[in-house]
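Subject: Structure handover

Hello,

Here is the structure I promised to pass on to you. Have a look at it first, and then read on for what turned up when I went through it.

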Amino acid sequence: MAHPHTGQLLARFARPTTAEPTRIAILSDIHLATDATGTWKVFHRTERHLRAAVSAVNDRAFDGVVVAGDLTRNGTPPEFDLFDELADLEPPAVAVPGNHDFPTTFDEHESLPVRTFEDRYTPDGLPFHVQFGDLDVFGLDSHAATPGSPAETWDGRIDSEQLMWLDEALSAADPDTSIVVVHHNLPATGDLYERYRAELPVEGSVPGFTNPEPLVKLLVQHDVSLVVTGHLHFPAVERADGVTELTVPAVSSFPHALVALESDPRGTTARLVPLTDGAGMVESIAHGWEKDRVLLSAAQLATLPLVEDDVLE
């Protein structure tokens with residue numbers, strides 16, 4: 001029997017470190033659609049790409065799975081029902097919401113209630129702390145919606161209650177094994193996107209983070225080893241203010257990949273695991289060649305590995 005593809009080296013980090021080898025899979029921006037076609041997110045292939053992601057996870061020995069937001073195209077109950085039907089993952093899995101997953105005031109469709117998302121995809125509501133192997137994973141909700149009120153924007157935010165929770169949770173954790181997962185990107189990666197976009201023949205922007213400063217301050221204070229985000233659809237590693245942010249690519253759009261994080265006493269390796277073949281890549285690029293984030297993914301892939309720290313051998 002052939003061994004599964006180990007993936008392309010994305011980055012090698014000095015931290016996190018774990019006493020025992022630990023492997024987690026990170027998926028993001030699946031944008032699962034039930035009745036859409038086309039666009040740079042290749043909506044008519046999202047079911048196929050999710051099936052490929054499930055197979056890639058189940059064919060490998062992962063201790064856990066994290067979905068970093070945007071499970072669905074529009075956050076409707078049928079889309080989440082289809083996600084649950086297809087996401088037959090063997091390792092334990094958790095998810096944080098993306099900007100497309102929760103209700104907004106400008107939606108004209110039914111949305112899955114916040115509490116239902118929490119019941120399905122978190123251990124005990126948002127925010128959450130789970131342990132996969134020797135890694136501590138802290139999940140945050142950066143969507144502006146609350147159980148009683150839809151959001152008025154797709155911009156990210158972290159409210160004061162979550163910040164208080166995170167401060168207390170990180171105080172009791174080992175920073176060398178701690179990973180914080182949130183959908184929206186921190187300022188350094190947002191700046192990287194803007195620098196790239198200024199050089200590309202495209203227009204438009206993506207929802208940002210309205211109040212990142214208190215969160216960044218907490219991450220620095222607690223010396224968190226790694227922050228994982230999604231949202232921008234292209235792979236990136238940015239370091240600023242003492243924070244290392246790994247932005248994982250999308251399942252839905254080019255390059256159609258998940259990230260395998262492998263931690264041990266020497267450090268952590270991040271690898272891109274492909275979820276489609278050459279024909280799928282060609283179709284994806286054909287649908288999205290004018291879209292900024294498709295071009296950015298290609299630019300980033302040309303420079304892999306993005307970071308290669310010195311690690312213990």
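Predicted model: local features only at pLDDT ≥ 70, side-chain atom pairs only at ≥ 80, totals over all residues.

Let me start with serine 297, which sits in helix H8, residues 292–301. Serine 297 is buried, because its relative accessibility is 0%. Its side chain comes within reach of two backbone oxygens: that of histidine 233 at 3.3 Å and that of phenylalanine 254 at 3.4 Å. Leaving aside residues up to four places away in sequence, serine 297 touches His233, Phe234, Pro235, Phe254 and Pro255.

You will find histidine 233 in the loop between strand S8 (226–229) and strand S9 (236–240). Its phi is near 75°, a positive value in a residue other than glycine. Most residues other than glycine have a negative phi. Like the serine that reaches its backbone oxygen, histidine 233 counts as buried, in this case at 1% relative accessibility.

Aspartate 70 also has a positive phi, of about 55°, although it is not a glycine. Aspartate 70 belongs to the loop between strand S3 (64–67) and H2. Is aspartate 70 buried or exposed? With a relative accessibility of 1%, aspartate 70 counts as buried, since the cut-off is under 20%.

That loop leads on to the helix packing. Helix H1 (residues 46–58) packs against helix H2 (residues 77–86) at an angle of about 35°, and their axes are 10 Å apart. The crossing of H1 past H2 is right-handed. From H1, the contact draws on Glu47, Leu50, Arg51 and Val54, while H2 contributes Leu82, Phe83 and Leu86. Sorted by type, the residues of this contact are five nonpolar, no polar and two charged. The buried residues of H2 are Pro77, Glu79, Phe80, Leu82, Phe83 and Leu86. Their cover includes H1 and helix H3 (114–121).

Next, the salt bridges. How many salt bridges does the count come to? The count is 17. One of them pairs glutamate 262 with arginine 23, with the closest N and O atoms 3.2 Å apart.

Another pair to look at is glutamate 283 and arginine 45, which form a salt bridge with their closest N and O atoms 3.1 Å apart. Here glutamate 283 is in helix H7 (residues 278–288) and arginine 45 is in the loop between S2 and H1, so the pair links parts that are 238 residues apart in sequence. The two partners fall into separate accessibility classes: glutamate 283 is buried, with a relative accessible area of 19%, whereas arginine 45 counts as partly exposed at 29%. There is also a network in which salt bridges with shared partners join Arg15, Asp176 and Asp223.

Finally, a few prolines. Arginine 15, already mentioned as part of that network, is joined to proline 16 by a cis peptide bond, with omega about 5°. Proline 16 is in the loop between strand S1 (8–13) and S2. A cis peptide bond also joins leucine 304 and proline 305, where omega is about -5°. Proline 305 lies in the loop between H8 and strand S13 (307–308). Most peptide bonds are trans. Proline 212 is in helix H6 (residues 212–221) and is buried, with a relative accessible area of 6%. The C-alpha atoms of proline 212 and proline 187 are separated by 7.1 Å, and the two residues are 25 residues apart along the chain.

Technical notes
Residues numbered from 1 in each chain as written. Heavy atoms only, no water. Helix = DSSP H or I, 4+ residues; strand = E, 2+ residues; numbered from the N terminus. Buried < 20%, exposed > 50% of the residue type's maximum accessible area, 1.4 Å probe, protein only. Polar contact = N/O pair within 3.5 Å; in protein donor to acceptor, adjacent residues only side chain to side chain. Contact = heavy atoms within 4.5 Å. Axes fitted to C-alpha atoms, helices over the stretch in contact; angles between N-to-C directions. Left-handed = near helix turned anticlockwise from the far one by under 90°. Nonpolar A, V, L, I, M, F, W, Y, C, P; charged D, E, K, R; others polar. Salt bridge = Lys/Arg side-chain N within 4 Å of Asp/Glu carboxyl O.
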